[in-house]
Amino acid sequence: WICAQALINPWLFDDIRNEKSWLPTAAERLEVYYSLVAGYRDTFGDDERGRKTAWYFVPFHFNFFHRWRPLSEEHFGAFEIPLIQNGRAVDAALEEIEGPRAALAPLEQLLRCAHADAGEAIADALWSSYSVADAVAAVTRLATPEHLAAWEQPDAETRDEDEGHSSSSAGKKRGGGGRRNS
(Lines give C-alpha, C1' and ligand atoms only; values in the text may rest on other atoms or scores of the structure.)
Protein backbone atom coordinates (compact mmCIF):
# COMPACT_ATOMS: atom_id res chain seq x y z
CA TRP A 1 0.00 0.00 0.00
CA ILE A 2 2.74 2.49 0.88
CA CYS A 3 4.54 1.91 -2.41
CA ALA A 4 1.38 2.64 -4.39
CA GLN A 5 0.71 5.76 -2.33
CA ALA A 6 4.30 6.97 -2.82
CA LEU A 7 3.77 6.90 -6.61
CA ILE A 8 0.85 9.29 -6.23
CA ASN A 9 2.28 11.25 -3.30
CA PRO A 10 6.10 11.42 -3.52
CA TRP A 11 6.25 13.41 -0.26
CA LEU A 12 4.55 10.56 1.64
CA PHE A 13 7.68 9.60 3.56
CA ASP A 14 8.05 13.18 4.82
CA ASP A 15 4.41 12.98 5.96
CA ILE A 16 5.15 9.77 7.87
CA ARG A 17 8.37 11.13 9.39
CA ASN A 18 6.66 14.39 10.44
CA GLU A 19 3.47 12.60 11.57
CA LYS A 20 1.28 15.03 9.67
CA SER A 21 0.00 15.35 6.13
CA TRP A 22 1.16 18.02 3.75
CA LEU A 23 -1.64 19.16 1.45
CA PRO A 24 0.31 21.15 -1.15
CA THR A 25 -1.18 23.63 -3.55
CA ALA A 26 -0.97 22.99 -7.28
CA ALA A 27 2.10 25.25 -7.51
CA GLU A 28 3.78 23.43 -4.62
CA ARG A 29 3.14 20.08 -6.29
CA LEU A 30 4.63 21.44 -9.51
CA GLU A 31 7.76 22.35 -7.55
CA VAL A 32 8.08 18.71 -6.47
CA TYR A 33 7.38 17.44 -10.00
CA TYR A 34 9.88 19.93 -11.45
CA SER A 35 12.55 18.63 -9.05
CA LEU A 36 11.93 15.10 -10.28
CA VAL A 37 12.10 16.03 -13.96
CA ALA A 38 15.16 18.25 -13.41
CA GLY A 39 16.83 15.32 -11.65
CA TYR A 40 16.19 13.12 -14.68
CA ARG A 41 17.54 15.87 -16.95
CA ASP A 42 20.66 16.17 -14.79
CA THR A 43 21.13 12.40 -14.69
CA PHE A 44 20.49 11.54 -18.33
CA GLY A 45 21.61 14.76 -20.02
CA ASP A 46 19.95 17.86 -21.40
CA ASP A 47 19.88 16.67 -25.00
CA GLU A 48 17.63 14.55 -27.21
CA ARG A 49 19.25 11.31 -26.07
CA GLY A 50 18.85 12.25 -22.39
CA ARG A 51 15.22 13.19 -22.94
CA LYS A 52 14.52 9.93 -24.78
CA THR A 53 16.02 7.95 -21.89
CA ALA A 54 14.16 9.99 -19.26
CA TRP A 55 10.90 9.49 -21.15
CA TYR A 56 11.03 5.79 -20.21
CA PHE A 57 10.22 7.02 -16.69
CA VAL A 58 8.65 10.49 -16.77
CA PRO A 59 5.27 9.58 -18.35
CA PHE A 60 5.04 6.65 -15.94
CA HIS A 61 5.25 9.05 -12.98
CA PHE A 62 2.69 11.46 -14.43
CA ASN A 63 0.31 8.55 -14.90
CA PHE A 64 0.22 8.44 -11.10
CA PHE A 65 0.69 12.10 -10.07
CA HIS A 66 -2.67 13.17 -11.51
CA ARG A 67 -4.39 10.89 -8.97
CA TRP A 68 -3.31 12.92 -5.91
CA ARG A 69 -6.13 14.63 -4.03
CA PRO A 70 -6.11 16.87 -0.92
CA LEU A 71 -7.44 14.28 1.50
CA SER A 72 -7.50 15.81 4.96
CA GLU A 73 -7.79 13.67 8.08
CA GLU A 74 -10.78 15.77 9.09
CA HIS A 75 -12.77 14.70 6.04
CA PHE A 76 -11.36 11.28 5.21
CA GLY A 77 -10.07 9.83 8.48
CA ALA A 78 -13.28 7.88 9.02
CA PHE A 79 -13.01 5.85 5.81
CA GLU A 80 -12.78 2.20 6.86
CA ILE A 81 -11.00 0.88 3.77
CA PRO A 82 -7.86 2.45 2.26
CA LEU A 83 -8.65 5.53 0.21
CA ILE A 84 -6.64 4.17 -2.72
CA GLN A 85 -9.25 1.39 -2.95
CA ASN A 86 -12.21 3.74 -2.59
CA GLY A 87 -11.72 6.16 -5.48
CA ARG A 88 -15.35 6.77 -6.38
CA ALA A 89 -16.34 7.53 -2.79
CA VAL A 90 -13.33 9.85 -2.43
CA ASP A 91 -14.26 11.69 -5.64
CA ALA A 92 -17.88 12.05 -4.48
CA ALA A 93 -16.77 13.37 -1.07
CA LEU A 94 -14.32 15.80 -2.67
CA GLU A 95 -17.04 17.13 -4.94
CA GLU A 96 -19.15 17.87 -1.85
CA ILE A 97 -16.19 19.64 -0.22
CA GLU A 98 -14.67 21.46 -3.22
CA GLY A 99 -17.61 21.72 -5.61
CA PRO A 100 -17.58 20.38 -9.16
CA ARG A 101 -14.24 19.84 -10.83
CA ALA A 102 -14.98 22.59 -13.34
CA ALA A 103 -15.11 25.07 -10.42
CA LEU A 104 -11.49 24.33 -9.45
CA ALA A 105 -8.70 26.63 -10.57
CA PRO A 106 -7.55 25.74 -14.11
CA LEU A 107 -4.09 24.64 -12.92
CA GLU A 108 -5.65 22.27 -10.38
CA GLN A 109 -7.96 20.88 -13.08
CA LEU A 110 -4.95 20.27 -15.31
CA LEU A 111 -2.95 18.50 -12.60
CA ARG A 112 -5.93 16.18 -12.00
CA CYS A 113 -6.33 15.36 -15.68
CA ALA A 114 -5.84 11.65 -16.44
CA HIS A 115 -5.40 12.02 -20.20
CA ALA A 116 -1.99 10.78 -21.41
CA ASP A 117 -1.57 13.87 -23.61
CA ALA A 118 -1.98 16.13 -20.57
CA GLY A 119 0.71 14.24 -18.67
CA GLU A 120 2.99 14.39 -21.71
CA ALA A 121 2.44 18.16 -22.09
CA ILE A 122 3.10 18.78 -18.38
CA ALA A 123 6.26 16.66 -18.47
CA ASP A 124 7.45 18.48 -21.61
CA ALA A 125 6.85 21.88 -20.01
CA LEU A 126 8.76 20.83 -16.90
CA TRP A 127 11.63 19.38 -18.96
CA SER A 128 11.92 22.61 -20.95
CA SER A 129 12.02 24.78 -17.80
CA TYR A 130 15.16 25.69 -15.89
CA SER A 131 13.63 27.10 -12.71
CA VAL A 132 10.62 26.40 -10.54
CA ALA A 133 9.08 29.75 -11.51
CA ASP A 134 9.49 28.98 -15.23
CA ALA A 135 8.03 25.50 -14.69
CA VAL A 136 4.96 26.81 -12.87
CA ALA A 137 4.43 29.48 -15.53
CA ALA A 138 4.85 26.98 -18.40
CA VAL A 139 2.41 24.46 -16.94
CA THR A 140 -0.06 27.21 -16.01
CA ARG A 141 -0.05 28.31 -19.69
CA LEU A 142 -1.23 24.78 -20.59
CA ALA A 143 -4.33 25.10 -18.40
CA THR A 144 -6.46 26.71 -21.10
CA PRO A 145 -10.17 25.96 -21.51
CA GLU A 146 -9.37 24.36 -24.89
CA HIS A 147 -6.73 21.99 -23.48
CA LEU A 148 -8.82 21.13 -20.43
CA ALA A 149 -11.84 20.30 -22.59
CA ALA A 150 -9.79 18.14 -24.96
CA TRP A 151 -8.01 16.34 -22.12
CA GLU A 152 -11.25 15.62 -20.27
CA GLN A 153 -12.13 13.13 -23.01
CA PRO A 154 -10.81 9.67 -22.10
CA ASP A 155 -8.02 8.24 -24.20
CA ALA A 156 -7.07 4.59 -24.61
CA GLU A 157 -4.65 4.79 -21.67
CA THR A 158 -7.20 6.21 -19.23
CA ARG A 159 -10.48 4.69 -20.38
CA ASP A 160 -10.36 1.93 -17.73
CA GLU A 161 -8.83 4.04 -14.96
CA ASP A 162 -12.05 4.07 -12.93
CA GLU A 163 -11.59 0.36 -12.50
CA GLY A 164 -8.01 0.72 -11.24
CA HIS A 165 -6.16 -0.44 -14.34
CA SER A 166 -5.18 1.04 -17.65
CA SER A 167 -5.47 -0.43 -21.08
CA SER A 168 -2.84 -0.27 -23.79
CA SER A 169 -3.48 2.01 -26.69
CA ALA A 170 -3.00 0.99 -30.28
CA GLY A 171 0.54 1.52 -31.46
CA LYS A 172 1.97 1.66 -27.93
CA LYS A 173 3.51 -1.33 -26.27
CA ARG A 174 3.73 -1.32 -22.50
CA GLY A 175 7.06 -2.60 -21.28
CA GLY A 176 8.17 -3.57 -17.79
CA GLY A 177 8.23 -0.90 -15.11
CA GLY A 178 5.69 1.22 -16.93
CA ARG A 179 8.09 2.09 -19.73
CA ARG A 180 6.74 3.33 -23.00
CA ASN A 181 8.39 1.72 -25.97
CA SER A 182 7.91 3.35 -29.35
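How many of the twelve residues of H9 are buried? Nine are, leaving H9 mostly covered. Buried means under 20% relative accessible area, exposed over 50%, and partly exposed in between (1.4 Å probe, protein chains only).

## Model and fold

This is a predicted model: local features need pLDDT of at least 70, side-chain atom pairs count only at pLDDT 80 or more, and totals for chains, interfaces and linings use all residues. Residues are numbered from 1 along each chain as its sequence is written, and side-chain values use heavy atoms, with hydrogens and water left out.

The chain has eleven helices and two strands. Helices (H or I, at least four residues) and strands (E, at least two) are DSSP runs, numbered from the N terminus. Of the 182 residues in the chain, 38% are buried.

H9 covers residues 116-127. Among the buried residues of H9 are Gly119, Ile122, Leu126 and Trp127.

The largest nonpolar core has 33 residues. Such a core is a set of buried Ala, Val, Leu, Ile, Met, Phe, Trp, Tyr and Cys residues joined through side-chain atoms within 4.5 Å. Phe62, Leu110 and Leu126 have the most contacts inside this core. Beyond its neighbours within four places in sequence, Leu126 is in contact (heavy atoms within 4.5 Å) with residues including Leu30, Phe62 and Val139.

The structure holds six salt bridges. A salt bridge is a side-chain nitrogen of Lys or Arg within 4 Å of a carboxyl oxygen of Asp or Glu.

Arginine 51 meets aspartate 124 in one of these, at 2.7 Å, N to O. Aspartate 124 lies in H9 and arginine 51 in helix H4, so the pair ties together parts 73 residues apart in sequence. Arginine 51 also forms a salt bridge with glutamate 120, at 4.0 Å. Arginine 51 is buried, at 18% relative accessible area. Aspartate 124 is partly exposed at 31%, and glutamate 120 is partly exposed at 30%.

## Arginine 29 and glutamate 108

Arginine 29 forms a salt bridge with glutamate 108, with the closest N and O atoms 2.8 Å apart. Arginine 29 lies in helix H3 and glutamate 108 in helix H8, so the pair ties together parts 79 residues apart in sequence. Arginine 29 counts as buried at 1% relative accessibility; glutamate 108 is buried at 11%. A network of salt bridges links Arg29, Glu98, Glu108 and Arg112.

Technical notes:
The expected span of a helix is 1.5 Å times one less than its number of residues.
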